[in-house]
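Please read it alongside the sequence and the 3D view.

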Amino acid sequence: MKVVTPSHIEEIKSIVKAGKVLIDESDRFSYSFDGSFGTFLPDVVIQTKSVEELASLVKLANREKIPVYPRGQATSLSGGPLPVKGGMVLDLSVLDDVLEIHEEDLIAVVSPGVLTADIHKAAEKKGLMYPPDPSSSHVSTIGGNLAENSGGPRGLKYGVTKDYVIGLEVITPEGEIIHTGGRTVKNVTGYDLTKLIVGSEGTLGIITKAILRLLPKPPASETIMAVFDSLVDAGSAISKILSSGILPAKMELMDQASIVAVENYEPLGLPVDAEAIILIELDGHPLALKDEIKQAAELCYLVGARAVRIPKNEAEKAEIWKARKLVSPAIVRIKPTKISEDTTVPRSKIPQMCARLQEIRDKYNIHLVVFGHAGDGNLHPNIICDKNDKEEMRRVEQAVAEIFTAAVELGGTLSGEHGIGTMKAPFMEMELGPVGLDMMKRIKKVWDPNNIMNPGKIFPEKGQKLELS
């Protein structure tokens with residue numbers, strides 16, 4: 001890997017006609033971090049709306065073996081856009097000019113810098129929906145969602161980002177512009193390069209346009225809140241409902257620590273003595289929903305719920321979901337550092353994973369808060385700590401490693417929606433095995449022979465360990 005020299009800067013400036021080339025240290029520092037851990041200073045930051053200029057920059061980088069780091073709004077919780085080897089950061093958040101809804105074809109065509117929430121709003125104006133709904137959608141770009149294969153609460157019923165991408169425009173690591181997929185839902189021409197690129201975390205190319213599949217918006221929705229005195233019972237209720245034939249749009253879990261944190265942050269009348277609550281949203285035809293709501297409530301009671309609340313109007317419904325949205329801001333008031341994980345296990349293993357998390361919490365004496373999209377097994381164990389307390393952070397590192405191990409041992413995965421980045425790279429071989437990991441490395445080598453595209457991500461370097469302190 002090479003650093004960017006003054007002569008490189010001159011060539012970059014000659015390529016970028018109308019954008020910005022940022023070389024002052026104060027500007028570059030603004031691009032040195034994301035929503036995870038670590039600070040890495042890039043050599044130069046480039047903003048341009050021209051796809052052709054971006055392709056020329058990548059050709060320069062490939063020729064000179066300069067690292068290239070595509071970046072959106074940097075809300076990543078796994079270190080996805082961190083410029084760990086210096087080099088060029090390409091700020092794609094400025095590439096936000098295209099947001100087209102083609103209602104007859106049920107597709108949206110978007111630039112990578114468009115905010116995910118703006119796609120939701122544009123689709124809803126036409127009576128449609130773009131299902132993936134990461135909690136950061138009001139600030140995250142669709143390009144970042146595509147790179148990380150983001151999910152969200154609706155993933156239970158509707159799937160994740162990759163399930164809604166049917167075509168891409170991509171700059172390859174050698175600076176060529178290619179198109180994958182297209183505007184049709186059915187497309188089986190050759191290898192599915194679209195699916196390969198989505199979730200590749202910027203290591204195979206730069207997405208400059210995407211064609212997304214849309215769905216008609218369901219006519220109605222209903223909500224339930226079920227209260228449990230046992231976290232394991234709450235996990236059992238989730239499995240029971242899903243195996244009954246009911247498929248909720250959302251199924252969210254909050255443990256006692258997150259309930260207490262939210263109630264201290266903004267009193268909503270939540271049951272702070274409960275060990276867990278489940279929030280369920282069903283959508284579909286109004287008549288079918290009446291029967292499903294009743295059945296779901298009965299199943300919760302059958303497994304041990306002490307109370308089930310069904311809101312009577314939209315205001316009560318909004319208040320229930322507000323509780324879930326407040327978990328993240330509420331828990332950071334306890335201690336300044338929040339480590340957000342998103343291990344996923346098979347639905348049948350949710351009760352066991354809940355039990356393992358409680359054991360890990362007690363073993364390492366950490367402040368562990370469990371919430372997340374429990375209906376699809378995607379739990380978010382969050383550890384609240386203080387990164388200035390070195391002894392505590394050592395315990396936290398051990399706990400995180402054990403959380404990942406527990407998920408894999410239960411037949412699960414390191415990541416449901418946050419990606420691998422730098423944070424989870426040391427654990428990749430544990431899940432994939434040496435041969436599986438080597439196959440991924442070989443794909444990367446073919447696509448990016450000079451290893452310029454987002455190097456230092458996904459694949460662990462020799463001796464690399466999780467370091468949070």
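**Helix packing and salt bridges**

Glutamate 252 is buried, with a relative accessible area of 1%; buried means under 20% relative accessible area, exposed over 50%, and partly exposed in between, using a 1.4 Å probe and protein chains only. The model is predicted, so local features need pLDDT of at least 70 and side-chain atom pairs count only at pLDDT 80 or more, while totals for chains, interfaces and linings use all residues. Residues are numbered from 1 along each chain as its sequence is written, and side-chain values use heavy atoms, with hydrogens and water left out.

**Salt bridges**

- The whole structure contains 24 salt bridges, a salt bridge being a side-chain nitrogen of Lys or Arg within 4 Å of a carboxyl oxygen of Asp or Glu.
- Glutamate 252 pairs with arginine 324, and their closest N and O atoms are 2.7 Å apart.
- This pair links distant parts of the chain, 72 residues apart: arginine 324 is in helix H11 (residues 314-325) and glutamate 252 in strand E13 (residues 250-255). Helices (H or I, at least four residues) and strands (E, at least two) are DSSP runs, numbered from the N terminus.
- Arginine 324 is buried as well, at 12% relative accessible area.
- Arginine 442 forms a salt bridge with aspartate 438, with 3.4 Å between the closest N and O atoms.
- Both arginine 442 and aspartate 438 belong to helix H15 (residues 428-447), where they sit 4 residues apart, about one turn of the helix.
- Arginine 442 is partly exposed at 49% relative accessibility, and aspartate 438 is partly exposed at 34%.
- Arginine 63 is partly exposed at 47% relative accessibility, whereas glutamate 64 is buried at 18%.

**Packing of H8 and H13**

- Helix H8 (residues 231-243) packs on helix H13 (residues 350-364) at an angle of about 160°, and their axes are 8 Å apart. Axes are lines fitted to C-alpha atoms, for helices over the stretch in contact, and angles run from 0 to 180 degrees between N-to-C directions.
- The angle makes H8 roughly antiparallel to H13, a term for angles over 145 degrees.
- Residues in contact (heavy atoms within 4.5 Å) include Leu231, Val232 and Gly235 of H8 and Ile350, Pro351 and Cys354 of H13.

How values were computed:
Parallel < 35°, antiparallel > 145°, perpendicular 65-115°, else oblique.
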